[in-house]
Every structure is written in structure tokens, then in C-alpha cells.
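Subject: Structure for your review

Hello,

Here is the structure I said I would pass on.

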Amino acid sequence: LTALRTHGSEVCNFQGLHDDVKLFADLLAQHTILIESGCRTYKTERGLVDFTDLETLFLDALSGGELIELIAEDFSLVLVDEFQDTNPLQLAIFQAIRRISPRNRWVGDPKQAIFGFRGTDPGLVGRVWEQSKDAATGSLPNNRRSQKGMVQFVGNMFEPIFGPDARQEPVNPPLAR
């Protein structure tokens with residue numbers, strides 16, 4: 001075991017390894033920039049947009065003008081479901097709409113977050129609700145999605161990840177106004 005640790009520390013201190021890692025990181029960054037640039041050019045030449053482009057264009061449209069008037073006129077209530085899977089760009093959109101529409105309901109449960117690979121952050125849920133002076137949080141009164149025993153089993157199983165709150169029987173995901 002001592003010999004393995006000694007060899008490991010020698011490898012970690014080997015300058016050639018550090019040089020190779022730096023070169024790899026530099027090449028990776030250069031190729032990432034080339035791919036992003038190529039994708040942007042491809043989309044622009046063909047008049048294409050992707051989902052993130054649509055979100056960005058929508059947020060830009062919410063910065064003023066006719067769209068704001070239409071939303072204010074046509075929508076008295078905006079609902080956001082699965083808020084725990086919101087990424088920062090979507091949060092900016094929801095915040096812009098929130099300023100326009102008189103009533104909002106955002107529903108989410110951080111324990112049900114599944115889109116981290118898309119840049120979502122379930123921590124946004126708590127931070128947004130903490131920072132919103134007019135936010136009312138709570139739980140829906142009845143759980144019609146799962147049986148009590150199943151909820152308790154899963155809560156016990158995931159307690160090491162979610163902490164003691166996982167063992168409490170949730171009646172439904174948190175609800176925010």
C-alpha cells in the first residue's frame with residue numbers, strides 16, 4: 001500500500017502529465033468553440049432556431065412592446081408546473097411574465113428534479129420563494145398520485161440523499177403563489 005501511495009504521488013507530480021492535461025483542456029476548449037460557431041453558422045444560413053434560441057427570443061420580446069400588452073390583456077393567471085426543472089433562462093422568462101400578469105402560481109418539488117443535465121437547478125425553487133416577498137408556500141392537501149406505503153418506502157430509501165425530510169410523508173409537492 002505504501003508503494004502504491006508513493007507511486008501515486010510521483011505520478012501526480014509528473015510535469016509531463018500536467019502538460020498533457022493542459023494541452024487536452026486547451027484543445028477541448030478550442031474544438032468546443034469551433035463546434036458552437038459551426039452550429040450557429042449552420043442555423044443562421046438556414047434560418048433555423050433551437051429551443052434555447054426560442055427561449056432567448058421570447059425573453060427579448062418580453063422586454064417591451066406589444067407582447068407585454070397582449071399578455072397583460074389576455075392572461076389573468078400564469079401557471080408554471082415542474083418549477084424545480086427551471087434553468088436560469090427560463091427563470092428570467094417567468095420573472096418577466098410575473099411582472100406582467102396579475103396572478104401567478106408556480107408549483108415545484110426539488111426532490112422531483114430530473115433535468116440537471118439541461119442546466120436546471122432545483123435550488124432555484126427555494127431561493128426564488130425565499131426572495132419573493134409575496135410568495136405563499138405550502139403543500140397541496142391531498143396526495144392522489146401514490147400510496148402512503150410507497151411514499152414511506154421511497155422516503156426511507158432516499159433519506160441519505162434528501163435528509164430527514166425524505167421520511168416525512170409528503171401530501172403533494174410544495175405550492176407557491
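A residue counts as buried under 20% relative accessible area, as exposed over 50%, and as partly exposed in between. By that rule phenylalanine 158 is partly exposed, because its relative accessible area is 31%. Please keep in mind throughout that this is a predicted model.

Nonpolar patch

Phenylalanine 158 lies in the loop between helix 7 and helix 8. Together with Met150, Phe153, Val154, Met157, Ile161 and Phe162, Phe158 makes a nonpolar surface patch of about 680 Å². Both helix 7 (148-157) and helix 8 (159-162) supply at least two residues of the patch. The most comes from helix 7, which gives four residues.

Aromatic pairs

How many aromatic pairs does the structure hold? There are four aromatic pairs; I describe two of them here. In the pair of phenylalanine 83 and phenylalanine 94, the ring centres are 6.4 Å apart and the planes stand at 50 degrees, so this pair is tilted. Phenylalanine 83 belongs to the loop between strand 1 (77-80) and helix 5 (88-100), while phenylalanine 94 belongs to helix 5, so the pair ties together parts 11 residues apart in sequence.

As for accessibility, phenylalanine 115 is partly exposed at 26%, whereas phenylalanine 117 is exposed at 68%.

Cluster and charges over rings

Phe83 and Phe94 also form one aromatic cluster with Trp106. Which residue lies over the face of tryptophan 106? That residue is arginine 98, at 5.7 Å from the ring centre. Phenylalanine 115 has a charge over its ring as well: the charged end of arginine 118 sits there, 4.5 Å from the centre.

Threonine 86

Is threonine 86 buried or exposed? Threonine 86 is buried, with a relative accessible area of 2%. This residue is placed in the loop between strand 1 and helix 5, the loop that also holds phenylalanine 83. Apart from neighbours within four places in sequence, threonine 86 is in contact with Leu91, Phe94, Thr120, Asp121 and Leu124. One of these contacts, Phe94, is a member of the aromatic cluster.

Two distances

Glycine 8 is in helix 1 (residues 2-12) and is partly exposed, with a relative accessible area of 28%. From glycine 8 to glutamate 159 the separation is 151 residues in sequence and 35 Å in space, C-alpha to C-alpha. Glutamate 159 falls in the range of helix 8 (159-162).

Arginine 127 is in helix 6 (residues 123-131). Its relative accessible area is 39%, so arginine 127 is partly exposed. Arginine 127 and glycine 65 are separated by 62 residues in sequence and by 30 Å in space, again C-alpha to C-alpha.

Regards

Key:
Residues are numbered from 1 along each chain as its sequence is written. This is a predicted model: local features need pLDDT of at least 70, side-chain atom pairs count only at pLDDT 80 or more; totals for chains, interfaces and linings use all residues. Side-chain values use heavy atoms; hydrogens and water are left out. Rings of Phe, Tyr and Trp (its six-membered ring) pair if their centres lie within 6.5 Å; planes under 30 degrees apart count as stacked, over 60 as edge-to-face and the rest as tilted. Buried means under 20% relative accessible area, exposed over 50%, partly exposed in between (1.4 Å probe, protein chains only). A charge sits over a ring if NZ of Lys or CZ of Arg is within 6 Å of the ring centre and within 35 degrees of the ring normal. Patches are made of residues with over 30% relative accessible area and no salt bridge: like charges are joined within 9 Å, nonpolar side chains (Val, Leu, Ile, Met, Phe, Trp, Tyr) within 5 Å. Accessible areas come from the Shrake-Rupley method with a 1.4 Å probe; for residues, only the protein chains shown count as cover. A salt bridge is a side-chain nitrogen of Lys or Arg within 4 Å of a carboxyl oxygen of Asp or Glu. Contact means heavy atoms within 4.5 Å.
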